[in-house]
Amino acid sequence: MKEKLTHAESLTISSMLFGLFFGAGNLIFPAYLGEASGANLWISLLGFLITGVGLPLLAIASLGMTRSEGLLDLSGRVSHKYSYFFTCLLYLTIGPFFAIPRCFTVPFETGISALLPSGMAKSTGLFIFSLIFFAIMLFFSLRPGRIMDWIGKFLTPAFLLFFFFIMIMALLHPLGNYHAVKPVGEYASAPLISGVLAGYNTMDALAGLAFGIIVISSIRTFGVTKPEKVASATLKTGVLTCLLMAVIYAITALVGAQSRTALGLAANGGEALSQIARHYFPGLGAVIFALMIFVACLKTAIGLITACSETFVEMFPKTLSYNKWAIIFSLLAFGIANVGLTTIISFSLPVLMLLYPLAISLILLALTSKLFDFKQVDYQIMTAVTFLCALGDFFKALPAGMQVKAVTGLYGRVLPLYQDGLGWLVPVAVTFVILAIKASISKKPPIVKLN
């Protein structure tokens, strides 16, 4: 029985995990952050790294340190029923309802649509592209045993090749000095919090909890099966993955900030990256960018389908097989993708504002559980407070026509930081401190035997 992974095995799993994490959203959000923040680049990027890198690492660490088999096992510390509710909600959100359809639409909106034949309707192009994407994604997803090869050894290196091909040129020949670029919007008034909220949109803290089942399974495939050794290997691969993510976020944001002087402020990060690619590689740039975004989204979509299907087989073992779940989730994502990127984002944001606080509170309790010896009732109190407070940000983020003014007004008066989208933070932090003090006081001292 192996005690630990070899360096090559650790790199393979880290490459796979990076590939699972790093979709198009992980490119377009830091690129726009760079353009919009300008001279406030580094403080905005710090906020982005807190939620875009720090939280995913803590999510992976929480699974490793508690030796949990996955999200269902970890969230079961609250209660059995809650574990099914939270696991289903999280996987459906980062799976077929929002994240996977975004993997369909982002490469189309930001890269493929520019290559469509003249005269072809955009809706027709989206349907054809999503059908091709669906077929490729499903082909790989129906072979989960090869996911380390598909993503870790092939798709991730291909993405990094396209990425650095563009970025090295941009770093060697910068388009301008970001120090001279004036920040816009909330990146001028609240750059740190704006960066934190932008990191929310990557969904990576949620993905860290969701992909744990794939990472743990991959580690065991290499022969490491002892729970404590699996936990150690999970932590190691998580650190390597998150370091690579931080480097790429920093490069993307810096290049975006430098481009603002010459190219102006783009409507979104996808448009910004597309303009940068076309500037440095006229003619060829659009094709390179389209390929980069396509590969980035494909590998993430494959991982999400695999994780969702394996988890639902675990939760409902007597219903459908893995292949049937994979086909159902793929069909759902295909249908939702064709409503368009703007609609997907407008409905996904409120759900993220509810899920993120719940995920963060669970991660926090899991990481400190041994230190304070938290009981199930502590998990339940923390989760209840978090849920009630997060509802305020959920209602606030609903599309304008769906908001209930009386409810949002009430939360606006009661919760601090509500207007910044972090209304849950202070009440949840206070609750955690109270629970930690209570647990410390009630913790029985060790028994000392006298000779």
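**Briefing: helices, core, pocket and cavity**

Helix H7 covers residues 122-141, and at 1.5 Å a residue its 20 residues should span 28 Å; the C-alpha atoms at its ends are 27 Å apart, which agrees. The model described here is predicted. The points below turn from helices to the nonpolar core, then to the spaces within the structure, and lastly to selected residues.

**Helices**

- In H7, the buried residues include Gly-125, Leu-126, Phe-129, Ser-130 and Phe-133. Also buried in this helix are Phe-134, Met-137, Leu-138, Phe-140 and Ser-141.
- An α-helix has 3.6 residues a turn, so residues three or four places apart point the same way.
- The length of helix H14 (residues 269-280) can be checked in the same manner: at 1.5 Å a residue, its 12 residues should span 16 Å, and its end C-alpha atoms are 17 Å apart, which agrees.
- H14 is largely enclosed by the rest of the structure, because nine of its 12 residues are buried. A residue counts as buried when its relative accessible area is under 20%.
- Among the buried residues of H14 are Gly-269, Gly-270, Ala-272, Leu-273 and Ser-274. Gln-275, Ile-276, Ala-277 and Tyr-280 are buried there as well.
- At the start of H14, the backbone nitrogen of Glu-271 has a side-chain oxygen of Asn-268 within 2.8 Å.
- Helix H10 (191-200) has eight of its 10 residues buried, so H10 too is largely enclosed by the rest of the structure.
- The buried residues of H10 are Pro-191, Ser-194, Gly-195, Val-196, Leu-197, Ala-198, Gly-199 and Tyr-200.

**The nonpolar core**

- The largest nonpolar core contains 149 residues, and those with the most contacts inside it are Leu-90, Phe-133, Met-137 and Phe-159. Helix H15 (residues 284-315) gives the most to this core, contributing 18 residues.
- Two of these residues, Phe-133 and Met-137, are buried residues of H7.
- If neighbours within four places in sequence are left aside, Phe-159 is in contact with Phe-18, Phe-22, Leu-27, Met-292, Val-295, Ala-296 and Lys-299.

**The largest pocket**

- The largest pocket holds about 950 Å³ of space.
- Its lining is made up of 38 residues; Phe-29, Tyr-32, Tyr-187, Ala-198 and Asn-201 lie nearest the centre of the pocket. Ala-198 is also one of the buried residues of H10.
- Several helices each supply at least two residues of this lining: helix H2 (25-37), helix H6 (99-110), helix H9 (186-189), H10, H14, helix H17 (341-372) and helix H18 (376-397).

**Cavities**

- How many cavities of 30 Å³ or more are found in a search of the whole structure? The search finds three.
- The largest cavity holds about 160 Å³ of space.
- This cavity is lined by 19 residues, and nearest its centre lie Ala-99, Arg-102, Thr-202, Thr-300 and Leu-304.
- Helix H1 (7-21), H2, H6, helix H11 (204-210) and H15 each supply at least two residues of the lining of the largest cavity. H6 gives the most to that lining, with four residues.

**Residues with a positive phi**

- Arg-67 has a phi near 55°, a positive value in a residue other than glycine. Arg-67 is found in the loop between helix H3 (41-65) and helix H4 (71-75), and its relative accessible area of 46% makes it partly exposed.
- Asp-373 likewise has a positive phi, near 55°, in a residue other than glycine. Asp-373 is found in the loop between H17 and H18, and counts as partly exposed at 37% relative accessibility.

**Two residues within helices**

- Thr-311 lies in H15. Is Thr-311 buried or partly exposed? At 2% relative accessibility, Thr-311 counts as buried.
- The side chains of Thr-311 and Tyr-91 make a polar contact (3.1 Å). Not counting residues up to four places away in sequence, Thr-311 touches Thr-87, Tyr-91 and Ile-213.
- Gln-380 lies in H18 and, at 35% relative accessibility, counts as partly exposed.
- Not counting residues up to four places away in sequence, Gln-380 touches Val-78 and Ser-79. Gln-380 and Leu-362 are 18 residues apart in sequence, and their C-alpha atoms are 9.9 Å apart in space.

Definitions and conventions: Residues numbered from 1 in each chain as written. Predicted model: local features only at pLDDT ≥ 70, side-chain atom pairs only at ≥ 80, totals over all residues. Heavy atoms only, no water. Expected span 1.5 Å × (residues − 1). Buried < 20%, exposed > 50% of the residue type's maximum accessible area, 1.4 Å probe, protein only. Polar contact = N/O pair within 3.5 Å; in protein donor to acceptor, adjacent residues only side chain to side chain. Core = buried A, V, L, I, M, F, W, Y, C linked by side-chain atoms within 4.5 Å. Contact = heavy atoms within 4.5 Å. 1 Å grid on protein atoms, 1.4 Å probe; cavity = no way out; pocket = protein on both sides within 12 Å on 5 of 7 lines; lining within 4 Å. Points joined across faces, edges and corners; volume = space filled by probe spheres on them.
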